[in-house]
Amino acid sequence: MEEDTDFRIRFSSLRFITDHVGFHGTIKSSPSDFVVIEIDEQGQLVNKATNELISKVQPEPNNFAKKTKLDFQNLSFKEGRNQEFSTFTGCSDDDHNDQSPSVKEDTISDGTSNSEEEKVDVLGNLLDEKTNELLNHFACDIKEKWNSKTELIGSSPEFSLGRILDKNQRAILHSAVRQKFPFLITVGRNSEIVVKPNLEFKELCHLVSEEEASDFFKYLDAKKENSKFTFKPDTNKDHRKAVHHFINKKFGNLVETKSFPELSYNTGNPNVVITVRFREKTHKHRKRSLFECRDQKVIYTAFTLRKENLEMFEALGFLAIKLGVIPSDFSYAGLKDKKAITYQAMVVRKVTPERLKNIEKEIEKKRMNVFNIRSVDDSLRLGQLKGNHFDIIIRNLRSQINDSANLRERILEAIENVKNKGFVNYYGPQRFGMGRKVHTDQIGLALLKSKMVEAIKLFLTPEDLDDPVNRAKKYFLQTEDAKGTLSLMPEFKVRERALLESLHRFGMTEEGCIQAWFSFPHSMRIFYVHAYSSKIWNEAVSYRLATYGSRVVEGDLVCLDEDIDEHFPNSKVHLVTEEEESADTYAIHQVVLPVLGYNIQYPKNKVGQWYQEVLSRDGLQTCRFKVPTLKLNVPGCYRQILKHPRNVSYQLMEEHDTDVKTEGSHIDEATLSLLISFDLDASCYATVCLREIMKHDF
């Protein structure tokens, strides 16, 4: 395979946003020249000693009021007196009496009398006032369209409640919405909750009353074991048959239906009621009860990992072996550089703090340390951090070719320029691997096209180096002998060995390669697909800047929120109009571009056309960005095209003397170095920020 020099040409051709001259220098002369420290969600550096537990992720402040977390099982629902949609929202705390049109037995209860329960408006406690009001308006609009017999034109309308990071909060909110508005459904999309019309509710309303349909869907949502739901008495056999058919067709895997004569009837043509109950679970008769299983709480241990000149996945593989777990038992907020000293938060499952402390000495040999070890309640998620702090030394500073200006002035000009104007928020080269022949985005493209064998071969393609790892890879490509390659592959190459062991077991077939990819944790499998999406995003933003510059033009996408990350919903993305372009309504720092996935919209200008042409070029015209065989779903997201470094500080120093020279003293430019420190938001790359400052590719 030929060297992929095209990749390096492509990266060096990516455009800048600033116009200063820049300078040359050397970064990462040693790992200690590049120190990365994660900043947690509370804004604290994770290398600081702490005895505190990792706090649970709270919902985004724009979407939720800061109120006490609620236990959904112990809540009852209150119907507002002035609700326009009262037919749908009734869910009384009183027991149903004999006059009720439908009967629910064993409804949600904590064993206390309903009259003793505190009535709580769940959504009022979870959602902020504005979002709650917009949700009510959305519900009203859906109901009014249905009541007026107006068909919903086009795709089903949606309303986003925003991104909620805590899975328990999401579960509560999902159920709260469905209980209050049974004619709506909720869908999860990468931590975002989207509300839609419940078309099955509408269909059931053709067979039974709205009130019955409402109560039935509340019953389904509650999923109370051993509970039953009874429709109102019905004398029409054909109608009962239609109800049976509908419920079994739509929910047959969850519930079963039966007809029973009503107990009190006097006529020769008795009323019959349809009763619904949940199917018995296959694991019902296991020796341990559900309550016993719940009591067996999973152990989570949090710690700070310090590593030096070590790839993160290699570090995880080594830790997993020493702790007797698998790499997917580790969770983390973000990936970190290899050639650096990095500090990051980690959580490992099924390992006690004491067990982790016992391996401290062993892992020091691999240039790793663990500290801040403590028990926590849950794992970490990607993106669960505020950003990263960087302390970087750039050595051997020198002017650009044919630049005769004072070097010190060039350096100060460059730093101040990027502080004020920002930098183009490209994904860094390390996202694509540092190999010369194959990059991670190429593997990701093969996976998206379900070319599993090709993806395996790309992963095991050797570089032109004569070392044990590359000799083993070369042997595999020549022979496809997984067992023989295993004997050649060094023990520390944990990922390669896991893949080869699976190939030895399942064979080098399409199915065997699928099984081999499952030797990687999900986070690693999807990393390759994200790398392809990242490469396309880089090229898209460079094309956008080349085509339109810093102007915000019609068809651009902007995000209106001030504090945004990559995972804001479609409802927060606005398409710039012709009038807004003329009025200069938006600034360039508000412009976002989509990172490829199945749940994004494209710009409506030349940039959108560019995306379609690239997808066609790469054979992804019909790609849904899902790889079911590998359980990969890529919803996509939006990324700001510009970012600014924060808390920037810097010093010029001589190599042999770390003291900063006083103003006016002579500095030998050949030995000048720059110590620079700054903070970046999550998913931003220090090397990309330095590239903008120096106008120099690394």
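Predicted model: local features only at pLDDT ≥ 70, side-chain atom pairs only at ≥ 80, totals over all residues.
Residues are numbered from 1 along each chain as its sequence is written, and side-chain values use heavy atoms, with hydrogens and water left out.

The chain has 23 helices and 25 strands, where helices (H or I, at least four residues) and strands (E, at least two) are DSSP runs numbered from the N terminus. Of its 698 residues, 50% count as buried; buried means under 20% relative accessible area, exposed means over 50%, and partly exposed lies in between, with a 1.4 Å probe and protein chains only. Among the contacts in the chain with a separation of 6 or more, 74% come from residues 24 or more positions apart, a contact being heavy atoms within 4.5 Å.

M653 belongs to strand β23 (residues 646–654) and is buried, with a relative accessible area of 7%.

Another buried strand residue is T342, which lies in β12 (residues 341–349) and has a relative accessible area of 0%. When its neighbours within four places in sequence are left aside, T342 is in contact with V36, L305, R306, K307, K336 and D337.

Elsewhere, 3 strands form an open sheet with antiparallel pairing, in the order β4-β6-β5. Its edge strands are β4 (159–163) and β5 (184–189), each of which pairs on one side only, and the twist from one strand to the next averages 20°. Strand β6 (residues 192–197) is joined to β4 by 3 bridges, and E192 in β6 is the bridge partner of R163. Helix α5 (residues 167–180) lies across β4, β5 and β6 and runs at about 160° to β5; such angles run from 0 to 180 degrees between N-to-C directions, and the axes are lines fitted to C-alpha atoms, for helices over the stretch in contact.

Helix α8 (residues 237–251) has 15 residues and spans 21 Å from its first C-alpha to its last, close to the 21 Å expected at 1.5 Å a residue, the expected span being 1.5 Å times one less than the number of residues. The buried residues in α8 are R240, V243, H244, F246, I247 and F251. They lie on the same side of α8 because they cover an arc of only 165° around the axis, where the arc is that of the directions from the helix axis to the C-beta atoms. An α-helix has 3.6 residues a turn, so residues three or four places apart point the same way. The face turned away from this buried side carries the exposed residues K237, D238, K241, H245 and K249. The cover over the buried residues includes α6 (199–204), α7 (210–222), β8 (255–261) and β9 (272–278). At the start of α8, a side-chain oxygen of N236 comes to within 2.9 Å of the backbone nitrogen of H239.

In α16, V469, N470, A472, K473 and F476 are buried, and they cover an arc of only 155° around the axis, which puts them on the same side of the helix. Among the elements covering them are α15 (452–459), α17 (482–488) and α18 (494–506). At the N-terminal end, D467 caps α16 with a side-chain oxygen 3.1 Å from the backbone nitrogen of V469, and just after the helix E480 takes a positive phi of about 55°.

Key
Polar contact = N/O pair within 3.5 Å; in protein donor to acceptor, adjacent residues only side chain to side chain. Pairing = 2+ DSSP bridges.
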